[in-house]
Amino acid sequence: MTNRPPPQMMMNKPPQDDYSLKETKPHLGGSKVTGDKLTSTYDLVEQMQYLYVRVVKAKDLPAKDLTGSCDPYVEVRMGNYKGTTRHFEKKTNPEWNQVFAFSKDRIQSTMLEVTIKDKDVLKDDFIGGVLFDLNEVPKRVPPDSPLAPQWYKLVDRKGDKLKGELMLAVWWGTQADEAFPEAWHSDAAAVSADGLASIRSKVYLSPKLWYLRVNVIEAQDLMPNDKTRFPEVYVKAILGNQIVRSRVSVSKTINPVWNEDMMLVASEPFEEPLILSVEDRVGPNKDDTLGRCAIPLQYVDRRLDHKAINARWFNLEKHVMVEGEKKKEVKFASRIHMRVCLEGGYHVLDESTHYSSDLRPTAKQLWKSSIGVLEVGILSANGLSPMKTKDGRATTDAYCVAKYGTKWVRTRTIIDSFTPKWNEQYTWEVFDPCTVITIGVFDNCHLQGGGDKPGGARDSRIGKVRIRLSTLETDRVYTHSYPLLVLHPSGVKKMGEIHLAVRFTCSSLINMMHMYSQPLLPKMHYIHPLTISQLDSLRHQATQIVSMRLGRAEPPLRKEIVEYMLDISSHMWSMRRSKANFLRIMSVLGSLIAIGKWFDQICNWKNPITTVLIHVLFVILVLYPELILPTIFLYLFLIGIWYYRWKPRNPPHMDTRLSCADNAHPDELDEEFDTFPTSRNPDLVRMRYDRLRSVAGRMQTVVGDLATQGERFQSLISWRDPRATALFVIFCLLFAILLYVTPFQVIALFTGFYVLRHPRFRRKLPSVPLSFFRRLPARTDCML
C-alpha cells in the first residue's frame, strides 16, 4: 500500500497532471476525428441543433385601445423559455424582423407558441397567436437558401381564427446558420436589454497602423520672447495622446540645427493632424512656444523603402487663447525645415516579437502571397472557476477572444455555466508559419449594461493559450484540452480547461519553405533599424491605439481584454521571470556542458575502448582534413534522424515548471503584481531594494570577471607587463618558425595526442598556458 499525502496538501497544490495537455477525440462535423482533413464546412466543431424563429411582421391587427389602435409586440414561448420583440406605439402593421434561437438540448416542450400582445400599463392584452408542432418543423442546412417566411392567420387560445396575420419562418438549424450570430438566444433570457449586445459573437479588425517619421533638420529666424539670452530650443511633436520631444539644439541661436528623427504611431483613418511646436526652455519646467504648425497626415508622403524623401519648409505661426477660442496672430517669418513621412516598410509592433501573430509591413504593396489557412474550432470549456457572485450563488459567464494578425474574434457569452459550449469556428489567412495565435477566456461582467462608465466593472481573465503555427503539422486536426493557468498573488491557479480543434492547411509548400530563409521582420527593420527604447515606446503607443479603437466597437472589446491578449506587462521586472530565464540559459548551455563532461571522460580514459576509437577517428581526420566538415554534418544528420522517434506529437502549452510559477515565493509574486510606481509600504520596498541590490551585486561580479578575462587577452601584446609580453612575443616567433618547418598534420597529431594522453601522464596542477594567462594584468587594480 502506497503512502498518500494528507488531504489538505492535495487540495492546496493540485498534481502536475492537472497542468498537462490532454488529447481528445470529439465528434466534429458529425463524424469522429481520425487525423485526416474533413471536408464539410463547419467541420472543426460539434454540431449544435437550434430551433430558429424569425418574426418578420404582422398586418391587419385589431384595435385594442380606445384610440382605435394597439401597441403590439410578439412573445415567443418554448416551455419555460420566453423571448419578446420590441413593441411599437399605435401601429397595426408593425415590422420586427427579429430572430430567436432555442437550444435543442434545453427544449422540454413539443409545442412552439408565438403570441402577439398589446402593451398596456396594467396588463398586456392578448391579440392572437400561432402554434407549431416541433415534429412538423423543417430542417435547414447551409448552404441551402434561407427559409422563406409565410403568413399565418392568428387564432385565439381555443383555436378559433381571429383578425390579423403574422409573417413567420420556423426551422431547425445549427450554429452554422447565418441567423445565429444576431439571434436572441434562450440561455440569455435573464440578460437585460442593455446587456444583450455584449453577449453576441463578433469579428473585429485592428486599425491599420503606420510609423510616422519626423526628421527635424533646422529652423530659421526664430523670435524668442527674451532676446537677452541664448535660446535653448527643441521641437515637440504631438499626435493625439502622443508627445515626443527632440533634444535641445547644440547651436543656441535663432537658427538652431537638430537633424534628429522623432517616431510616432499613426492609425487610419487619419483624423488628427500632426502638431509641431518649437519651444524655448527658459527655465525648469517652463517653456515658451516660439511657433507651431499643423500637418494633416492625409497629405504626408508614404515611403516604402529607405530612399530619402524631399525635405520641405513649413511656416511657423503663433497662437494665443482668447476666451477658449484660438485666435491667429499675424504670421511672421519663422519656419522649420523637416522631412515628414509615413513609413510603410516597417511592421508596427503591438505584440512581443517572441509571440507575434503578424510580421507583415504596413504597406499592402509589400505583402507576399499567403502560404495557407489557419482554422480554429473553439469547442467548449470545463471545470471553470466561479468568477463572481450573483443572487447569492457563484457563477461564471464565459466567452473567448482569439487574436491572429489584425483579425480578432469574440465568441458569444454562455450565461451561468462552468462548462460552456461555444462550438464556433473561425478562419485566418497565414502569411508566415513562425507566428502565434492567442486564445483567451474571460468572464463577462457587463450583462446588466452600464459597464462603460469610468471605474465600472472589468471583465475578469480566466486564462489564455498560445499556439505556434510552426509546431503544427499541415492538414492535421489537433483536438486538445488546454489548461487555463493564471498567476495570482497567491500563486499559480488552474481556472479550468478549454477544448480546441486546430488545423493548419498549407496552400504552397514551396512558399512556406522559402519563408524560413527570409528575415523575420520586414527589411526596413534591418536597413534603417529603430533603437530598443524607440521600439518599446512605439509598441506601448500602438497598444493604446488598438485598445482605444476596439473599445469603441459594439460590443466593445475592452481595454483590459486587449492588454491581456497583447501581454502589455511582459517587460515589467519580475524576480520569477528572471529566475526562469536564467534556468532557460542553463538548460541551453547544458548540452555544451554535457559535451565538455563527455570529452573530459575521453581524456581521462574512463572508457578505454571509446577513447581508442576517438584516437583512430582523430588520426583519420588529421590525415584527411577534407573529411572534417562532411563528418560533422553527417553526424548532425544522424542525430536528427535519431531524435525523430521522439518528435513531439502535441503542440506546446503553458508550462508552470518552466515559468517557475509552481514554486514562486509569495513575496516575489506580490512584487510582480505591484503597481508602477510602487504602492507598497516603504519598509517592504526597502527590503526588496536590498534584495535586488544583492542579486545585482552577483551579476556585477560575473560581468567584472568577464571583463577581466578580456583585458588579460588585450594585455598579451600591450606591454603592460613587459616580462609577460616579451615571453609571449618570443613564443610566437618560435612557434611560427616551428610551423614553417613542420607539416601541419604532425603538429595537429602531437597536440591531439597530448590532450588525450593517459591520466598517468597528467598532473593535477593547472597547465603552463593557463597559469601564464592567470598571471597577466587586468585593469581591476585601476578601479575605485
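Modeller: Happy to! A disulfide here is a pair of cysteine sulfur atoms within 2.5 Å, and by this rule the count comes to 0 disulfides. Cys-434, for instance, is in no disulfide; the nearest cysteine sulfur belongs to Cys-506 and is 13 Å away. Before we go on, some ground rules: this is a predicted model, where local features need pLDDT of at least 70, side-chain atom pairs count only at pLDDT 80 or more, and totals for chains, interfaces and linings use all residues. Residues are numbered from 1 along each chain as its sequence is written, and side-chain values use heavy atoms, with hydrogens and water left out.

Biologist: Is Cys-434 buried, partly exposed or exposed?

Modeller: Buried means under 20% relative accessible area, exposed over 50%, and partly exposed in between, using a 1.4 Å probe and protein chains only. Cys-434 has a relative accessible area of 25%, so it is partly exposed. Cys-782, with 58%, is exposed.

Biologist: What does the pLDDT of the protein chain average?

Modeller: pLDDT is the predictor's confidence in each residue, from 0 to 100. The protein chain averages 86, and 92% of the residues score at least 70. Over residues 1–15 the pLDDT is below 50, and beyond near neighbours in sequence this stretch has 4 contacts in the model (contact means heavy atoms within 4.5 Å). Residues 31–40 also have a pLDDT below 50, with 21 contacts beyond near neighbours in sequence.

Biologist: Now the backbone. Which peptide bonds are cis?

Modeller: The general idea is that most residues other than glycine have a negative phi, and most peptide bonds are trans. Here, the bond from Glu-268 to Pro-269 is cis, with omega near -5°. Pro-269 is found in the loop between β17 (257–267) and β18 (274–283); helices (H or I, at least four residues) and strands (E, at least two) are DSSP runs, numbered from the N terminus. Glu-554 and Pro-555 are also joined by a cis peptide bond, with omega about 0°, and Pro-555 sits in the loop between α4 (532–550) and α5 (559–565).

Biologist: And where is Lys-90, with its positive phi?

Modeller: Lys-90 has a phi of about 50° although it is not a glycine. It lies in the loop between β6 (81–84) and β7 (95–103), and at 52% relative accessibility it counts as exposed. Asn-97 has a positive phi too, near 55°, but its place is in strand β7.

Biologist: Last topic: how many cavities does the search find?

Modeller: On a 1 Å grid over the protein atoms alone, a cavity is a set of points where a 1.4 Å probe fits but cannot get out, while a pocket is an open set with protein on both sides within 12 Å along at least five of seven lines; lining residues have an atom within 4 Å of a point. The whole structure holds 3 cavities of 30 Å³ or more. The largest cavity has a volume of about 80 Å³, and its lining includes Trp-184, His-185 and Arg-412.

Biologist: What is the volume of the second largest pocket?

Modeller: About 1000 Å³, where a volume is the space filled by probe spheres set on the points, joined across faces, edges and corners. Of the 41 residues that line this pocket, the closest to its centre are Asp-358, Leu-359, Arg-360, Pro-361 and Trp-367. Strand β30 gives the most to the lining, with 3 residues.
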